[in-house]
Amino acid sequence: MTEKDDWRLLNLDGEFLKKAYVNPTDGEEICKYAPQLRYCEFCLEPVQDNPHQWWFLPVNLSCCICEDCFHDFKELFAWKKLDGWDIEWEGKKAFAKKQKECGGSCAE
Ligand SMILES: [Zn+2]
């Protein structure tokens, strides 16, 4: 049972995360596509380049939430879990756009 005064909530303005839609992903994907996300928003667990470390990201990629915190706070924040296919990684998008523009012929 998670308390409202859990230490992980003390320094956090979590209002923006209330009822957020979150996608599951892993540490490897975050390091690849969203390297600006480095710590769990709640407990400051560092993101590792590891496909077996699970994370949860709100759809706007504003922060990341570790697996433990996700399970501890999902009821408190009323998060809605998505299937992970909807993540719009900025890097992936830019890459796809670039390929389209050059017809796949550019080397870089
Ligand atoms: Zn955490």
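Which residues does C69 touch, not counting residues up to four places away in sequence? The structure examined here is a predicted model, in which local features need pLDDT of at least 70, side-chain atom pairs count only at pLDDT 80 or more, and totals for chains, interfaces and linings use all residues. Residues are numbered from 1 along each chain as its sequence is written. With neighbours up to four places away set aside, C69 touches R8, C40, F42 and C43; two residues are in contact if their C-beta atoms, placed from the backbone, lie within 7 Å.

The chain contains 4 helices and 4 strands, arranged along the sequence as α-β-α-β-β-α-β-α. Helices (H or I, at least four residues) and strands (E, at least two) are DSSP runs numbered from the N terminus. Of the 108 residues, 19% are buried; a buried residue has 20 or more other C-beta atoms within 10 Å of its own, an exposed one 12 or fewer, and a partly exposed one a number in between, with C-beta atoms placed from the backbone.

C69 also belongs to the largest nonpolar core, which has 15 residues, and is listed with W55, C64 and I65 as having the most contacts inside it. Such a core is a set of buried Ala, Val, Leu, Ile, Met, Phe, Trp, Tyr and Cys residues joined through C-beta atoms within 7 Å. Two or more residues come from each of β2 (54-58), β3 (65-66) and α3.

Helix α3 spans residues 67-77 and includes E67. E67 counts as partly exposed because it has 15 C-beta neighbours inside 10 Å. Beyond four places in sequence, E67 is in contact with W54 and W55; the C-alpha atoms of E67 and W55 are 5.5 Å apart, although 12 residues separate the two in sequence.
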